[in-house]
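Here is a short report on one protein model.

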Amino acid sequence: MCGICGFVGSGSLDDLNQLMKPLLHRGPDTQDTWNNSSDVFIGHTRLSIIDLETGSQPMLSSDGKVVISYNGEIYNSRELRKELESKGYVC
């Protein structure tokens with residue numbers, strides 16, 4: 001089970017890393033952070049089950065405008081990927 005944390009407001013990456021410490025047992029495979037260099041901070045600890053090589057999070061959209069941290073499995077992801085790519089989205 002993954003762990004997700006974050007905050008909006010004043011703070012630092014050190015603050016985010018402190019928030020992530022209690023979550024490390026929930027995501028022993030990888031840990032990563034994202035921030036917008038001012039006031040949005042997202043942390044994710046990952047337990048790899050599906051998409052072992054490319055499932056790192058937080059994830060950014062191809063244009064860099066959207067970031068998401070997600071816990072769960074999308075069981076019809078192959079079909080959704082095909083549909084989105086047919087509409088011009090880059091995965």
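## Salt bridges

Lys 87 and Glu 83 join their side chains in a salt bridge, at 3.4 Å from N to O. The term requires a side-chain nitrogen of Lys or Arg within 4 Å of a carboxyl oxygen of Asp or Glu. Lys 87 is exposed, with a relative accessible area of 56%. Glu 83 is partly exposed at 40%. Buried here means under 20% relative accessible area, exposed means over 50%, and partly exposed lies in between (1.4 Å probe, protein chains only).

The structure holds two salt bridges. Glu 85 and Arg 81 also meet in one, at 3.7 Å from N to O. Both residues lie in helix H2 (residues 77–86), four residues apart, about one turn of the helix. Glu 85 is partly exposed, at 41% relative accessible area. Arg 81 is partly exposed too, at 42%.

## Basis of the model

This is a predicted model: local features need pLDDT of at least 70, side-chain atom pairs count only at pLDDT 80 or more, and totals for chains, interfaces and linings use all residues. Residues are numbered from 1 along each chain as its sequence is written, and side-chain values use heavy atoms, with hydrogens and water left out.

## Strands

Helices (H or I, at least four residues) and strands (E, at least two) are DSSP runs, numbered from the N terminus. Two strands pair if DSSP finds at least two bridges between them. Strand E3 (residues 40–46) pairs with strand E1 (residues 3–8) in the antiparallel sense, over six bridges. Ile 4 has His 44 as its bridge partner in E3.

E3 also pairs with strand E2 (residues 30–35), antiparallel and over six bridges. Here Thr 30 stands opposite Arg 46. E2 and E3 form a hairpin with four residues between them. Ser 37, in the turn, has a positive phi of about 70 degrees. E3 is mostly covered, with six of its seven residues buried.

## Core and aromatic pair

Which residues make up the largest nonpolar core? There are six: Cys 5, Phe 7, Leu 16, Met 20, Leu 23 and Phe 41. E1 and helix H1 (13–20) each supply at least two residues of this core. A nonpolar core is a set of buried Ala, Val, Leu, Ile, Met, Phe, Trp, Tyr and Cys residues joined through side-chain atoms within 4.5 Å.

One aromatic pair turns up in a search of the whole structure. The ring centres of Phe 7 and Phe 41 are 4.6 Å apart and the planes stand at 15 degrees, so the pair is stacked. Phe 7 lies in strand E1 and Phe 41 in strand E3, so the pair ties together parts 34 residues apart in sequence. Rings of Phe, Tyr and Trp (its six-membered ring) pair if their centres lie within 6.5 Å; planes under 30 degrees apart count as stacked, over 60 as edge-to-face and the rest as tilted. Phe 7 is buried at 19% relative accessible area. Phe 41 is buried at 4%.

## Cysteines

The disulfide count is zero. A disulfide is a pair of cysteine sulfur atoms within 2.5 Å. The sulfur of Cys 2 is 12 Å from the closest cysteine sulfur, that of Cys 5, too far for a bond. Cys 2 is buried at 9% relative accessibility. Cys 5 is buried at 14%.
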